[in-house]
Amino acid sequence: MSHGDAITAPFWAGAREGRLLLQRCARCGAHQFYPRPFCLACDHDTLKWEAAAGTGVVYSRTEVHVKVREDLVPPYTVAVVALDEGPRLTTLIVDGDGDPGAGCEIGDPVEVLWRARAEAPPLPVFKRSA
Ligand SMILES: [Zn+2]
């Protein structure tokens, strides 16, 4: 998800404050992620931003063994996390110190951490809950 356009700007402003923001429809109450200009559930454009709890469960996972990014040394785990609010997001699984390389299993409870980046806002990553 880019961090330079108007539709995603509130998400990244929240990220800078360590808050995981989701869009929520004022008409039907549905949460969604990624940000879009209209509600996926009812098509209305009455969206507002709300802070998510930052907790969820692992919906699916895959271990990456090939180097595809300069800032990530394999092996590491990429997971689709189902947030408590409903939306799913693809994310990096980290250990308690925020470092990549931790594993996880489907159904594991996880919570958000923020991974600092040099040229961009912090990225939401997840660790297994204690
Ligand atoms: Zn709606």
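Student: Quick one to start: is Cys25 buried or exposed?
Tutor: Cys25 is buried, because its relative accessible area is 2%, and buried means under 20%. Keep in mind that this is a predicted model.

Student: OK. Which residues are the protein donors of the zinc ion?
Tutor: Cys25, Cys28, Cys39 and Cys42 are the protein donors, each through its SG atom. They lie 2.3 Å from the zinc ion.

Student: And how are those donors spaced along the chain?
Tutor: The spacing reads C-x2-C-x10-C-x2-C. Cys25 sits in strand β1, residues 21–25, while Cys42 is in the loop between β2 (31–32) and β3 (47–51). That pair is 17 residues apart and links distant parts of the chain.

Student: What arrangement do the four donor atoms make around the zinc ion, and why?
Tutor: The arrangement is tetrahedral, because the donor atoms subtend angles of 105 to 117 degrees at the zinc ion. For comparison, the ideal angle for four tetrahedral donors is 109.5 degrees.

Student: Let's switch to helix α1. Which of its residues are buried?
Tutor: Helix α1 covers residues 9–16, and Phe11, Trp12, Gly14 and Ala15 are buried there. Seen down the axis of α1, those buried residues fall within an arc of 155 degrees, so they line one face of the helix.

Student: What covers those buried residues of α1?
Tutor: The cover includes β1, β3, β7 (109–115) and β8 (123–128).

Student: Which residue other than glycine has a positive phi?
Tutor: Asp43 is one, with phi near 75 degrees. Most residues other than glycine have a negative phi. Asp43 is found in the loop between β2 and β3.

Student: Is Asp43 buried or exposed?
Tutor: Asp43 is exposed, with a relative accessible area of 59%.

Student: New topic: where are there cis peptide bonds?
Tutor: One runs from Phe33 to Tyr34, with omega near 5 degrees, and Tyr34 is in the loop between β2 and β3. Another runs from Pro74 to Pro75, with omega near 0 degrees. Pro75 is in the loop between β4 (55–64) and β5 (76–83). Most peptide bonds are trans.

Student: What does UniProt place at residues 49–115?
Tutor: The UniProt record, an unreviewed entry, has the feature "domain: ChsH2 C-terminal OB-fold" at those residues. In the model, the chain over residues 49–115 is 0% helix and 52% strand. The end C-alpha atoms of that stretch are 21 Å apart.

Student: Now strand β6. Is Thr91 buried or exposed?
Tutor: Thr91 is buried, with a relative accessible area of 5%. Its strand, β6, spans residues 88–94.

Student: What does Thr91 touch?
Tutor: Not counting residues up to four places away in sequence, Thr91 touches Thr77, Val78, Ala79, Val81, Pro124, Val125 and Phe126. With Pro124, a polar atom of the Thr91 side chain lies 3.1 Å from the backbone oxygen of Pro124.

Student: And Thr90, buried or exposed?
Tutor: Thr90 is in strand β6 too, but Thr90 counts as exposed, at 51% relative accessibility. The cut-off for exposed is over 50%. Leaving out residues up to four places away in sequence, Thr90 touches Val78, Ala79 and Val80.

Student: Last one: how many Å apart are Thr90 and Val73?
Tutor: They are 18 Å apart in space, C-alpha to C-alpha, and 17 residues apart in sequence.

Terms used:
Residues numbered from 1 in each chain as written. Predicted model: local features only at pLDDT ≥ 70, side-chain atom pairs only at ≥ 80, totals over all residues. Heavy atoms only, no water. Donors = N, O, S within 2.8 Å, 3.2 Å for Na, K, Ca; no water. Tetrahedral: all angles 85-135°; square planar, octahedral: opposite > 155°, others 65-115°. Helix = DSSP H or I, 4+ residues; strand = E, 2+ residues; numbered from the N terminus. Buried < 20%, exposed > 50% of the residue type's maximum accessible area, 1.4 Å probe, protein only. Arc of directions from axis to C-beta. Contact = heavy atoms within 4.5 Å. UniProt positions renumbered as here; feature names shortened; annotations may be inferred. Polar contact = N/O pair within 3.5 Å; in protein donor to acceptor, adjacent residues only side chain to side chain.
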